[in-house]
Amino acid sequence: MKESVQLVLDELPNSLWPLHFKIPEEIALKFIQGNDRRVKCTINKNVVIHSAILSNAEGYFIMLSKPNARSLKMQVGDSALLEIEKDQTRYGMPMPEEMEMVLETEEIVSDYFESLTPGKQRSLIYLVRKIKNPDIKVRRALSIAEHLKREKGLLDFKKLNEVIKEFNQREKLF
């Protein structure tokens with residue numbers, strides 16, 4: 001099922017992620033299945049985002065990051081065509097090949113990764129996905145694996161950042 005709808009970019013004041021599209025309730029409810037609210041949105045037939053349909057007292061909405069708004073050349077009040085469909089990926093966003101390879105080669109890391117909450121899994125996937133350079137993607141995936149092994153499957157983002165820095169420093173030595 002896919003829905004196409006023309007929506008206006010709006011802003012939540014005093015919010016960490018202020019940019020969003022308000023989603024009509026009748027459309028939002030078509031995509032919410034229990035706790036699964038993950039959708040894939042194509043905005044103006046140009047930018048694809050994997051997101052969740054969120055809600056508050058005012059209704060349903062899909063967040064838009066500032067970098068995506070810039071790439072779409074959109075500002076608050078601008079109208080956009082959203083093509084919304086159910087996200088069929090396993091983790092609610094595509095798994096980068098580099099991360100997938102690390103998980104396939106290290107069973108203990110894969111077990112630790114699978115024991116994390118879906119949100120934490122997506123956060124780790126995003127940390128690899130957002131990198132453009134394939135060599136840096138591999139290094140990022142390996143640093144995540146190392147962190148999960150050191151912490152026996154627990155995720156501490158402060159410690160993870162230290163491991164990422166450590167891996168980056170190693171690369172500079174060679």
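These legends describe close-up views of a predicted model.

**View 1. The largest pocket and the residues that line it.**
The volume of the largest pocket is about 880 Å³. Its lining is made up of 22 residues, and Trp17, His50, Ser65, Met93 and Tyr126 lie nearest the centre. Strand β4 (47-52), helix α2 (66-71) and helix α5 (118-129) each supply at least two residues of this lining. The most comes from β4, which gives six residues. Sorted by class, the lining holds eleven nonpolar, six polar and five charged residues.

**View 2. Asn44 and Lys45 in the loop between β3 and β4.**
Asn44 sits in the loop that runs from β3 (38-43) to β4. Although Asn44 is not a glycine, its phi is positive, at about 50°. Lys45 belongs to the loop between β3 and β4 as well, and it has a positive phi of about 55° without being a glycine. Asn44 is partly exposed, with a relative accessible area of 33%, whereas Lys45 is exposed, at 62%.

**View 3. Glu83 and its link to Lys45.**
Glu83 is part of strand β7. Its relative accessible area is 12%, so Glu83 is buried. The side chains of Glu83 and Lys45 are joined by a polar contact of 2.9 Å. Glu83 and Lys45 also belong to a network of salt bridges that includes Lys2 and Glu85.

**View 4. Asp87, a buried residue with no salt bridge.**
Asp87 is in the loop between β7 (79-86) and α3 (97-105). Which side chain of opposite charge is nearest to Asp87? That side chain is Arg38, at 4.8 Å. A salt bridge requires a nitrogen to oxygen distance within 4 Å, and Asp87 has none. The side chain of Asp87 does make a polar contact with the side chain of Thr89, at 2.5 Å.

**View 5. The salt bridge between Asp10 and Lys22.**
The closest N and O atoms of Asp10 and Lys22 are 3.3 Å apart. Asp10 lies in strand β1 (residues 2-11) and Lys22 in strand β2 (residues 19-23), so the pair ties together parts that are twelve residues apart in sequence. Asp10 is partly exposed, with a relative accessible area of 25%. Lys22 is also partly exposed, and its value is 41%. The count for the model comes to 13 salt bridges.

**View 6. The salt bridge between Lys149 and Glu106.**
The side chains of Lys149 and Glu106 meet at 2.8 Å, N to O. Lys149 is in helix α6 (residues 134-150) and Glu106 is in the loop between α3 and α4 (107-115), so this pair ties together parts that are 43 residues apart in sequence. Lys149 is partly exposed, with a relative accessible area of 32%. Glu106 is partly exposed too, with a relative accessible area of 21%.

**View 7. The salt bridge between Glu146 and Arg150.**
Glu146 and Arg150 both lie in helix α6, and they are four residues apart, about one turn of the helix. Their closest N and O atoms are 3.0 Å apart. Glu146 is partly exposed, with a relative accessible area of 22%. Arg150 is partly exposed as well, with a relative accessible area of 38%.

Conventions: Residues are numbered from 1 along each chain as its sequence is written. This is a predicted model: local features need pLDDT of at least 70, side-chain atom pairs count only at pLDDT 80 or more; totals for chains, interfaces and linings use all residues. Side-chain values use heavy atoms; hydrogens and water are left out. On a 1 Å grid over the protein atoms alone, a cavity is a set of points where a 1.4 Å probe fits but cannot get out, and a pocket is an open set with protein on both sides within 12 Å along at least five of seven lines; lining residues have an atom within 4 Å of a point. Grid points are joined across faces, edges and corners, and a volume is the space filled by probe spheres set on the points. Ala, Val, Leu, Ile, Met, Phe, Trp, Tyr, Cys and Pro count as nonpolar, Asp, Glu, Lys and Arg as charged, and the others, Gly among them, as polar. Buried means under 20% relative accessible area, exposed over 50%, partly exposed in between (1.4 Å probe, protein chains only). Lys and Arg count as positive and Asp and Glu as negative; His and the chain ends are not counted. A polar contact is a pair of N or O atoms within 3.5 Å; within protein, one must be able to donate a hydrogen and the other to accept it, and residues adjacent in sequence count only if both atoms are side-chain atoms.
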